There are 2 protein chains.
Amino acid sequence: MYTIKDVALKAGLSQATVSRVINNHPYVSEDKKRAVQKAMDELGFVPNSSAQRLRNIKTKKIAVLISRIVNPFFSQLVDAMEQKAARHGYQLILCNTRISREKELEYFQLLKSKQVDGIIMASVENDWSVIEPYTKYGPIIYCNEYDPNASVTRVRLDQVEGGYIGTKHLLDKGHRKIGYCQGNDSSVSVNRRKGYLKAVTEAGIEPNPDWMFKNIFTIDDGRAIFRRIADMNDAPTALFTGSDEVAAGVIKEAQTHGWKVPDDLAVIGFDDQPIASLLDPQITTINQFTSDIGETAMKVMLEIVQGKRKNNSTDILLPIQLIERQST
Amino acid sequence: MYTIKDVALKAGLSQATVSRVINNHPYVSEDKKRAVQKAMDELGFVPNSSAQRLRNIKTKKIAVLISRIVNPFFSQLVDAMEQKAARHGYQLILCNTRISREKELEYFQLLKSKQVDGIIMASVENDWSVIEPYTKYGPIIYCNEYDPNASVTRVRLDQVEGGYIGTKHLLDKGHRKIGYCQGNDSSVSVNRRKGYLKAVTEAGIEPNPDWMFKNIFTIDDGRAIFRRIADMNDAPTALFTGSDEVAAGVIKEAQTHGWKVPDDLAVIGFDDQPIASLLDPQITTINQFTSDIGETAMKVMLEIVQGKRKNNSTDILLPIQLIERQST
DNA sequence: TCAAAGTGTGAAAACGATTTCATATCATTT
DNA sequence: AAATGATATGAAATCGTTTTCACACTTTGA
């Protein structure tokens with residue numbers, strides 16, 4: 001393992017000059033520059049990044065907090081972020097919080113101990129009040145999910161609009177009895193429900209609390225929801241699910257019970273994941289342009305760490321789009 | 001940002017003593033230990049990890065090279081690795097090579113510049129001969145994929161067995177005309193094909209080169225393969241696909257052409273991904289216990305970086321299992 | 001012609017931790 | 001009572017960079 005000292009010795013110059021060459025500082029003559037370069041190449045020298053960081057403060061690493069990478073939405077998001085980061089010479093540290101407040105908090109130590117330059121929160125477990133103290137150690141931004149009290153940049157979608165256009169679509173199809181599934185009470189869910197309620201209220205419909213389901217996440221949860229619906233005396237004729245997985249579960253279970261989709265029950269998903277176009281019928285869904293969100297969030301973060309942008313309370317909203325297929 | 005000096009000052013002790021407390025060294029009296037702890041808590045002190053690393057050499061970070069995180073196999077693998085790493089206080093650096101030799105090589109600089117303690121290669125683009133020189137900077141192991149010339153630990157599955165039992169299953173179902181899809185010529189593919197050939201040869205069948213397809217990766221590739229099969233005068237009656245995505249594509253396209261699966265064409269997948277049990281018919285597949293691979297690979301890597309295990313030429317083989325469903 | 005500004009270089013001080021070495025105290029053993 | 005070993009602490013060296021400061025040499029400008 002060679003150090004800058006070895007290079008300096010070999011080139012017959014000082015460490016300072018070698019360092020200047022490495023960092024492209026002005027005021028180094030061409031011939032010395034070449035000599036240093038030659039010495040570095042011959043030794044196969046690579047600067048020790050811990051030492052660099054100790055001086056620089058910059059780590060060229062960004063931590064990304066997500067709940068679970070196996071969720072296709074998150075893997076696509078992370079994929080886009082990694083690509084963007086790599087293009088700018090940054091590495092991405094993957095932090096699966098597994099929906100644990102404690103784990104999420106642990107990851108903030110990365111910022112405090114200067115192991116990363118910034119944190120992108122693509123899932124949120126703790127309230128802003130507990131996260132806020134960490135902002136003095138480096139920039140933190142939200143991506144997709146967010147805490148409304150936070151005073152930092154939020155790259156996200158207009159989920160109110162998402163809930164609205166999805167529900168509107170079902171109304172336009174003539175449905176008056178529209179059920180609604182959501183996950184936990186995250187910002188995304190809350191806003192999406194606002195959009196749903198706005199659409200039905202506008203249509204002069206009183207939302208039926210029996211048709212509002214909470215904590216629905218997986219394919220199996222979707223299956224269970226169908227069975228609950230099938231058992232109702234007064235069942236909804238359409239269902240807004242908030243995820244393609246849940247939609248898939250509902251549809252599959254409906255079919256095994258002999259229901260026809262969309263005739264007996266119309267179902268709309270969310271995310272436009274691969275599964276949405278594979279199922280029979282293909283699932284009507286709402287496209288989130290996941291890669292755009294990831295790329296934009298990373299872009300914003302890099303601008304912030306490079307001092308080109310302020311991390312103040314700003315919403316960066318990205319578009320969403322309804323994709324009509326056969327399940328509605 | 002407080003340093004160890006501030007803590008020492010506040011506690012009225014030396015930096016050395018503070019450092020000893022941080023690192024749980026023996027020979028520190030209980031009262032001083034408490035005093036240091038108190039000072040650290042009051043200041044909210046967290047050691048600067050760059051400085052620690054500069055002395056220690058250890059970074060507590062492992063790089064994981066994969067081709068693309070959006071591939072569900074990889075996201076599950078990475079998920080398991082991250083979980084294992086986090087439990088031992090290690091972070092995981094995600095490196096998407098995007099099937100690029102150059103990108104893969106760039107990531108090895110992480111090892112050279114001491115940014116990670118080791119590298120797990122879960123995809124391989126470069127030959128071992130070009131990777132080998134990096135081994136002097138830190139441990140490199142293979143996971144799932146591998147270069148047969150490599151002299152390091154390989155955590156993987158017996159893919160020969162995988163190809164064999166899958167093909168055997170089709171033979172047992174009475175098929176004599178069995179097609180075979182593979183991706184690129186990776187170690188996994190090569191071994192799996194060996195198993196396929198072993199099974200058919202044992203059954204006294206001459207493999208038909210027209211039914212051997214290469215570079216088949218995606219759902220759409222699967223669709224295309226079906227169309228090629230449908231156009232054949234002498235078409236196979238069964239197909240070993242090597243991935244659930246490809247299997248799904250083949251099956252969907254077969255159905256749109258009015259073929260019955262498995263009656264007109266039996267299809268077997270690989271990986272047991274969620275989609276395998278969602279499609280109609282559900283896909284017969286081979287389970288790779290992906291999480292086990294990831295966990296084991298990380299476990300082995302941590303043992304190596306902690307000096308508890310030698311990184312010599314060893315194969316750690318994990319079990320595989322046929323899951324019979326309705327597509328065969 | 002001489003000061004000011006621009007260019008090029010190296011010695012040494014930082015960055016923030018860990019570790020070595022030296023030393024001091026205390027408890028045991030002979 | 002003296003020698004030994006275990007425990008406890010601090011000063012200073014160290015890790016490998018970057019940066020400041022000081023100095024020297026050139027060029028420019030009035």
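This report covers the DNA surfaces, the chain contact, the helix and sheet packing and some backbone details of a predicted model.

Local features need pLDDT of at least 70 and side-chain atom pairs count only at pLDDT 80 or more, while totals for chains, interfaces and linings use all residues. Residues are numbered from 1 along each chain as its sequence is written, and chains are lettered from A and ligands numbered from 1 in the order in which they are written.

## DNA surfaces

A residue is near a strand if its C-beta atom, placed from the backbone, lies within 6 Å of it. DNA strand C has 27 residues around it. The nearest are A:Ser14, A:Ala16, B:Thr3, B:Ala16 and B:Ser19. Elements giving two or more residues to this surface are α2 (15-22) and α4 (49-56) of chain A, with α2 (15-22) and α4 (49-56) of chain B. Helices (H or I, at least four residues) and strands (E, at least two) are DSSP runs, numbered from the N terminus.

DNA strand D has 28 residues around it. Here A:Ile4, A:Ser19, A:Ala51, B:Ser14 and B:Ala16 come nearest. At least two residues each come from α1 (4-11), α2 and α4 of chain A and from α2 and α4 of chain B.

The table gives the residue classes of both surfaces. Ala, Val, Leu, Ile, Met, Phe, Trp, Tyr, Cys and Pro count as nonpolar, Asp, Glu, Lys and Arg as charged, and the others, Gly among them, as polar.

## Contact between chains A and B

Two residues are in contact if their C-beta atoms, placed from the backbone, lie within 7 Å. The contact takes 34 residues from chain A and 34 residues from chain B. On the chain A side, two or more residues come from each of α4, α5 (72-87), β2 (91-96), α6 (101-112), α11 (244-256) and α12 (274-278). The largest share, 6 residues, belongs to α5(A). By class, this side of chain A has 15 nonpolar, 11 polar and 8 charged residues.

Strands also pair across the two chains. β2(A) and β2 (residues 91-96) of chain B run antiparallel, over 3 bridges. Two strands pair if DSSP finds at least two bridges between them. A:Leu92 stands opposite B:Leu94 in β2(B).

In chain A, the axes of α10 (residues 219-230) and α11 come within 7 Å and cross at roughly 45°. Axes are lines fitted to C-alpha atoms, for helices over the stretch in contact, and angles run from 0 to 180 degrees between N-to-C directions. α10(A) and α11(A) are therefore oblique to each other. Angles under 35 degrees count as roughly parallel, over 145 as roughly antiparallel, 65 to 115 as roughly perpendicular and the rest as oblique.

The crossing of α10(A) and α11(A) is right-handed. A crossing is left-handed if the near helix is turned anticlockwise from the far one by less than a right angle, and right-handed if clockwise. Residues of α10(A) in this contact include A:Ile219, A:Ile225 and A:Phe226. Those of α11(A) include A:Val246, A:Val250 and A:Lys252. The contact divides into 8 nonpolar, 2 polar and 7 charged residues.

In chain B, the axes of α10 (residues 219-230) and α11 (residues 244-256) come within 7 Å and cross at roughly 45°. That makes α10(B) oblique to α11(B). Their crossing is right-handed.

## Sheet in chain A

An open sheet of 4 strands has the order β7-β6-β8-β9, with parallel pairing. β7 (212-213) and β9 (266-268) stand at the edges with a single partner strand each, so one side of each is left without a neighbour in the sheet. β8 (residues 238-240) is joined to β9(A) by 3 bridges. A:Ala238 stands opposite A:Ala266 in β9(A). α11(A) lies across β6 (178-181), β8 and β9, running at about 160° to β9(A).

## Backbone details

Most residues other than glycine have a negative phi, and most peptide bonds are trans. A:Arg98 has a positive phi of about 50° although it is not a glycine. A:Arg98 lies in the loop between β2 and α6 of chain A.

Chain B has a cis peptide bond joining B:Val261 and B:Pro262, with omega about 10°. B:Pro262 is in the loop between α11 and β9 (266-268) of chain B. The peptide bond from B:Asp280 to B:Pro281 is also cis, with omega near 0°. B:Pro281 is in the loop between α12 (274-278) and β10 (285-287) of chain B.
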